[in-house]
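Dear colleague,

I am passing on the structure below, and would be glad if you could read the notes that follow with it open beside you.

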Amino acid sequence: MSTLTPQPVLLGRSGLVFLGVVLGAAVLVPLLNLATSPDSALHVPTYVVSLLGKYLTYALLALSVDLIWGYVGILSLGHGAFFALGGYAMGMYLMRQIGPRGVYGDPVLPDFMVFLNWKELPWFWHGFDLFPFAALMVLLAPGILALVFGWFAFRSRVTGVYLSIITQAMTFALLLAFFRNDMGFGGNNGLTDFKDILGFNIQADGTRLVLFVLSALALALGYVLCRFLVRSHFGKVLIAIRDAETRVRFTGYRAENYKLVAFVVSAMLAGIAGALYVPQVGIINPGEFSPANSIEIIVWVAVGGRGTLIGAALGAVLVNYAKTYFTSGLLAPYWLFMLGGLFVAVTLFLPKGIVGTFYEWRDRRASATPADGGLPEPKPAE
Amino acid sequence: MISRGLLRRLGGVLFLALGLLTAAATLPRPALAQGAAPDISAPLAQLATDKYDDTEAALGALSVSGSPAAAGIVAALADGRLMYSPATKQVLIKTPEGGLTDAATGQPVAEAPPGLKAVRVNNRIRRAIEAASGTLALVDADPAKRLAAASAVMRSRDEAALPALDAALAKESDARVKSALTLARASILIGKAGVPDAERIAAIATVGGEGNQDALAVLRSVPADASPAVKQAAQGAIAGIERSLAIWAVGQNVWYGVSLGSVLLLAAIGLAITFGVMGVINMAHGEMVMLGAYVTFVVQEAIRTYNPALFDASLLIAIPVAFLFTGLIGVVIERTVIRFLYGRALETLLATWGISLILQQAIRTMFGPTNREVGAPSWMSGAFELGQLSITYGRLWIIVFAMLVFVALLATLRLTRIGLEMRAVTQNRRMAASMGIRTNWVDAMTFGLGSGIAGIAGVALSQIDNVSPNLGQSYIIDSFLVVVFGGVGNLWGTLVGAMSLGIANKMLEPYAGAVLGKIALLVIVILFIQKRPRGLFALKGRAIEA
Amino acid sequence: MSAADTLEPESAPVEAIARKDLTEALLYLDGVTVTFDGFRALNALSFTVDPGEMRAIIGPNGAGKTTMMDCITGKTRPDKGDVFFNGGTTDLTKLDETQIATLGIGRKFQKPTVFESHTVLDNLRLALKGQRGALANIFKRETAAEREKIDAIFETIKLSEHRHRMGGDLSHGQKQWLEIGMLLAQDPKLLLVDEPVAGMTDAETAQTAELLREINANGHSVVVVEHDMTFVRDLGVRVMCLHEGAVLAEGTLDQVSANERVIEVYLGR
């Protein structure tokens, strides 16, 4: 944000720290995995690498939600759908890679289609044997859905709670649709039993390390992209829309187009996150569309601090780390109490989230010379 | 629900057992009416030869003999209890108890003739037995059995039954049975070769008057070589029946739709208060419904333990308990969390979602994750027919209950002091406060009311859904859609919204299937909200605008 | 097709005059009627604003002043009547807010509305006439000419030393000025200014009147809605009194305030 002197700085100090941490992890984690002996205290086992990789994809997903919630005030309760669509696009590629190695040994048809007695590959499965096509679909499937949905919603000025509720209805409809076997996406079981990706064994340690590094890079690039967007003139209009949409219209901007661009970009980021998530967890099923998942993303962002980007990523990692930690031990039955309590506590006591509260504290301490290219204070969109 | 399924199955078994008992009881009865009994010695003689051709001929003769003993003989043959003595050519019936009676007279026979053998039965004879017992049932003493037999003949359209039908028609005095017999006769005539056109067209008219599936099947059986006039008459009648059936089908769907709409109304109406009136995006609403269902479970358990006689009243007892319990929980939530979040609608969403997780987990911890059984009182089970509609008491009561809750809520808001204060606070909080209304208290009461209503809904929904910790989750999205679709802040909108969504859903189902229908409905609602962002009945004043 | 063709036929004698007005007027309202749930907010309201003119509009609460602005800026569609801009070349009833703003009609709201989490400088940057497309603005860079224009506006609205403060941190009066500054940045042909001096001190009120006169002198047409009679007198322009959605009286402030019907409306007899 422009402070005393106009600052064309793209990242600012906290942004650099954040990038440093993410990229540092991208180097350090594989290093600790490969260069240390399994007995060493510093050794990072491969399963932990994949777990961390999963967190990073969640962080990217949270970033995509923060872009529209924190900066445009669109509370999407359906962002899990975009994540899942990206994941399905990647899953379809991985299914096609199985080839004749499936249980039924059909050279083309995935197992579930053989099981359903299908004779031919449905038209929308064509092309997914080619990675570039699948990669394109990772962007296009969520992007086009967001474009169509957003075009209708923003043009007719559906805002606030109403928008939230129809995004929830959207992901719910997709959930029901993907549960159907007839849809051709594996129904209830989804897509799984993947063998390899781009010719590399998906279970191999090396592949898992590369996927982790790619997730870290995607998060870093996603952060830079979001940061660039929200600091551009375009981004200033977004924030203006969040705070006073009517004023923006009377100033001559087509608010709906700005929202649409942000929404589509956000959906595509979520799709990329989904595409990186699927090979690391080895499965994608309709459960990813469930409205509860989408709401959980909102909590990650709220915990970290909406409208701060870094906070969203941080919140995603923290909450998911806590989830892994607590759902595996003696405390497992109490995890939902904790998650629920976290929702309540954050909204009541930490409305700006961790990073937002930190920024506020730092700005107050240094109010004479606001440092850094810190972000505009996140304001509730209501 | 398991329990109701079980009950129903038990009922079925009981019914069957009862039927067998009565059947057994009626068997020896022909013995009483032997005075003017027609002579059946010829068919009996044929039976005693034990040749399939003779047995079949005997069955045909028996079925039209008018003898009161005929039914018992045919039944015995079917069961393999019809015996004959090759030596004496005597025909006897072995009773289920092991005794012997004379087939013609029904008198017990003290001493069995030597070399007694069962009359043999093969598949051809079995078919003949069926036809004979059908024909015999036409003249059974029990009108219900005669009616069933007439319907069976209508479905089978067995030309051989025509003489028996004519005979039965001549004797019949019961009007309903008579019309069923006429119908059965007409059904046979339509398909029978060599019937004069006029008679056939009259038959078509008779069958056409009966607008159901069976009649349709009969009318479609008009032979290909029938005269054009007959065919035309049949086609006209078919079209007429199809029209009326289509209307009934629509009626049935509307009924299912109203039933679903009532469920949606029950689920959504509490939300219409907490979300619609107060602007709290209450994601814990579904859990209030769930709590209500668990209250029902607990109340029933207590009744089962302490006073099983009260079981039929368990739901009535659960209603106030659920209202007070969930209402109290609602007040606690409002006082501890919600009141700090007024004016921050989207944040109430997060906090209440957290509360919903906590409530779910609490119930899971206390009652376990599996479904709990909530029984149905006797007055909720069963069904009746209304024209071509089948109406179950369970659905009917839920519709009635939903309407009662709606009216009660409307009356509370319109007619009571607290309702007045609620409306005042909704419209202008500061003005209300300055007039001495305790707005804090009103907020708590309003949220408590909405939660309490949700609890009541849970009592009703415990009858149609699995009572599990996840119960609420399945209603929350639908509830929000109903409230938003109907127009936030408007109870009538919620009613109309629930009914239209319920009926639309059931209308779509026959074409699209349950899941696709639901998806289509979601898409329709999404598009509708684009068109009218404020719902069907937009309300001016305090808007839920985030 | 001339827009005048759409005039109601029964007003034939008036039509000649109307036609002349239409082609000359910057803003032209004729027979504009708006009804909300049976309540007539505007009742066949007709008036014109000439290019370069400043006009003050007064009227009691509920006279329809804000609804009138809503009709001009596309927020509300009139049930009946015509709203034309630019000598009758543009039918405003067919356009939405954004299109109307781009045409050159700027609006200041009754409640000052600035972008609170942007700096004063960014507020002006956002308002500055120029590229409005979403994609193009991702890569937009500020030009020297734009910077100069913004500096000039800062001079006019006297907020230079506040340029790096957040919009939300400004005082009420400063927000009003910032909003006027944002209007200037849009460089509209016509400014619609709704109650610019509400909540201002006397000194600020006088300064605002000065500011508006200056804006008007620079070639912008201005329509001001205001209750404050001292302020309206300071403006020294033609005054129009609205009542129940129609023009009650028009003329100099003295003429209007001497009008018996105006007195009746204001004093309630």
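Where in chain B is confidence lowest, and where is it highest? By mean pLDDT (the predictor's confidence in each residue, from 0 to 100), the lowest value in chain B, 46, belongs to helix 1 (residues 2-26), while the highest, 95, belongs to helix 13 (residues 314-336); helices here are DSSP runs of H or I with at least four residues, strands are runs of E with at least two, and both are numbered from the N terminus.

Before going further, please note that this is a predicted model, in which local features need pLDDT of at least 70 and side-chain atom pairs count only at pLDDT 80 or more, whereas totals for chains, interfaces and linings use all residues. Residues are numbered from 1 along each chain as its sequence is written, and chains are lettered from A and ligands numbered from 1 in the order in which they are written.

Chain B as a whole averages a pLDDT of 82, with 92% of its residues scoring at least 70. Over residues 10-35 of chain B, however, pLDDT stays under 50, and the model has 15 contacts beyond four places in sequence for that stretch, a contact being two residues whose C-beta atoms, placed from the backbone, lie within 7 Å. Chain B is also divided into domain 1 (26-217) and domain 2 (249-497), with bounds that come from an automatic or database domain assignment, and the C-alpha centres of these two domains lie 58 Å apart.

As for how the chains meet, two pairs of chains are in contact, and chains A and B share the most contacts. No contact joins chain B and chain C, whose closest C-alpha atoms lie 10 Å apart. Between chains A and C, 26 residues of chain A are in contact with 24 residues of chain C, and helix 8 of chain A supplies the largest share of the chain A side, 11 residues.

Two residues other than glycine deserve a look for their backbone angles. A:R157, in the loop between helix 5 (131-155) and helix 6 (160-179) of chain A, has a positive phi near 55°. C:E195, in the loop between strand 7 (190-194) and helix 7 (202-217) of chain C, has a positive phi of about 45°. Most residues other than glycine have a negative phi.

With kind regards
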